[in-house]
Amino acid sequence: MHPTRKAALTAIALLAVATAGCEPGAASTTTHRTSAKPGCPTVVSRAKQAVKKAEAVDAPWKGPTTGPEAAGHGKSVVFIAHDLSNPGPAGVAQGVREAAALLRWSARTLNGQGTPEGYRSAFKKALALKPDGIAIAGFDPGSVADEIKEAKAAGIPVIGWHSAPTPGPDGSPDLFTNVTTRVEDVAKISADWIIARSGGRAGVVLFTDGTVPFAKHKSDLIKKELATCSDVKLLSYRNIPIPEVNKRAIGEVRSLLSRFGDKWTYSAAINDLYFRHTAAALRAAGKDGAGAPFNIGAGDGDPSAFERVNGERFQAATVPEPLTEQGWQIADEFNRAFADKPASGYVPSVHITTAANSGGALSWDSEGYRQAYRKIWGK
């Protein structure tokens with residue numbers, strides 16, 4: 001077992017002793033309590049069970065163990081990120097580069113700069129490089145539909161990361177595969193964490209990026225799951241495009257605190273980046289980093305998010321994508337495409353990281369994925 005997971009198991013055991021008599025599912029931090037019973041006891045019970053399962057720290061490899069050997073040296077791939085200020089795509093790009101180095105491929109990263117114009121410009125630049133494969137990360141493939149058709153006509157497979165609503169191949173426009181956890185699972189467990197931790201009573205602010213269909217779909221699903229508990233109130237559903245978060249965060253937080261005050265007890269966002277920027281505003285307002293509002297990032301889990309969670313600094317939890325692992329998966333999917341084989345079909349399971357179970361780690365990946373892919377590739 002990875003040493004950080006051993007540490008996490010020890011931390012959980014000690015915390016269980018220290019919190020004997022507390023409500024189940026409240027191990028990560030002190031549960032928000034009220035003398036009144038929640039209006040959704042059945043939902044709370046189910047949510048606590050789901051959260052307990054998602055907080056488990058053992059993560060043996062459940063991905064592919066067979067596939068084509070590595071393609072010959074000299075392959076080239078281009079990775080187009082939604083915006084390199086977004087640590088999710090940046091983390092996956094790092095994984096792609098790491099795997100490509102092992103395979104002796106070249107890997108180049110381009111910045112889409114968070115706009116449809118930027119995505120198209122970057123994709124045209126990628127096509128001009130005449131690569132063997134192109135990956136797009138964190139933006140709607142429909143915004144580059146013509147460029148994807150051009151890539152297909154040139155025999156260049158296109159792989160998505162968080163680009164289509166579901167994992168696996170997608171035909172509109174044509175992606176060889178889309179690498180992601182299931183957005184339904186991520187959204188549901190994020191909402192369940194709020195329901196479970198609050199004991200079914202919470203005032204929630206939900207942050208999304210309405211310009212990215214994948215992100216909007218995720219936040220709509222979070223909203224739907226929160227609504228299953230009648231005493232969980234959605235105070236505000238804020239649309240802040242990711243490239244604008246750093247500029248708008250302080251004003252948004254001030255406005256929310258002015259409107260809702262202490263009624264704002266929980267937040268969820270479509271990824272952790274929102275809490276990087278809202279933390280300063282909450283601190284300036286005199287809020288305690290380990291207190292309300294308790295914030296959960298529904299995706300990505302970059303190192304800075306882990307640092308906030310570990311230090312209980314204005315983020316209580318994250319539902320991390322295995323970013324580096326998914327970079328390796330993208331390399332493996334390209335290798336399958338190059339060998340004219342189908343996509344692997346692998347979908348990582350969801351996990352919740354809190355200060356109680358992180359073991360001080362700064363990332364989350366399955367155990368043994370590098371060894372598994374090396375064995376498949378003959379490396």
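Trainee: Why is Ser236 called buried?

Mentor: Buried means under 20% relative accessible area, exposed means over 50%, and partly exposed lies in between (1.4 Å probe, protein chains only). Ser236 has a relative accessible area of 6%, so it is buried. This is a predicted model, in which local features need pLDDT of at least 70, side-chain atom pairs count only at pLDDT 80 or more, and totals for chains, interfaces and linings use all residues. Residues are numbered from 1 along each chain as its sequence is written, and side-chain values use heavy atoms, with hydrogens and water left out.

Trainee: Where is Ser236, and which residues does it contact?

Mentor: Ser236 sits in strand β8. Strands are DSSP runs of E with at least two residues; helices are runs of H or I with at least four; both are numbered from the N terminus. Contact means heavy atoms within 4.5 Å. Leaving aside neighbours within four places in sequence, Ser236 contacts Val204, Val205, Leu206, Leu256, Arg259 and Phe260.

Trainee: What makes Cys40 and Cys229 a disulfide?

Mentor: A disulfide is a pair of cysteine sulfur atoms within 2.5 Å. The sulfur atoms of Cys40 and Cys229 are 1.8 Å apart, and the two form a disulfide. The structure holds 1 disulfide. This pair links distant parts of the chain, 189 residues apart. Cys40 is in the loop between α1 (3-18) and α2 (41-54), and Cys229 is in the loop between α7 (213-226) and β8 (232-239). Both cysteines, Cys40 and Cys229, are buried.

Trainee: What is the handedness of the link between Cys40 and Cys229?

Mentor: Left-handed, with -50° about the S-S bond.

Trainee: How do you know that Gln113 is exposed?

Mentor: Check its value against the cut-off. Gln113 has 53% relative accessibility, so it counts as exposed. Gln113 is in the loop between β2 (106-111) and α4 (116-128). Its phi is positive, about 60°, although Gln113 is not a glycine.

Trainee: What about Asp300: buried or exposed?

Mentor: Buried, because its relative accessibility is 3%. Asp300 lies in the loop between β10 and α10 (303-310). Asp300 is a residue other than glycine, and its phi is positive, near 85°.

Trainee: What makes the bond from Ala292 to Pro293 cis?

Mentor: The omega of that peptide bond is near 0°. Pro293 is in the loop between α9 (273-284) and β10 (294-297).

Trainee: Why does Glu325 count as buried?

Mentor: Its relative accessibility is 1%, so Glu325 counts as buried. Glu325 lies in helix α11 (residues 323-338). Not counting residues up to four places away in sequence, Glu325 touches Trp61, Tyr346, Pro348, Asp365, Ser366 and Tyr369. Glu325 and Val96 are 229 residues apart in sequence, yet their C-alpha atoms are 8.8 Å apart.

Trainee: How many helices and strands does the protein have?

Mentor: The secondary structure comes to 12 helices and 11 strands.

Trainee: Why is the protein called as compact as a globular protein of its length?

Mentor: The radius of gyration is taken over C-alpha atoms, and the globule rule is 2.2 Å times the number of residues to the power 0.38. The rule gives 21 Å for 379 residues and the protein has 21 Å, so it is as compact as a globular protein of that length. Buried residues make up 54% of the 379 residues. Among contacts between residues at least 6 apart in sequence, 77% join residues at least 24 apart.
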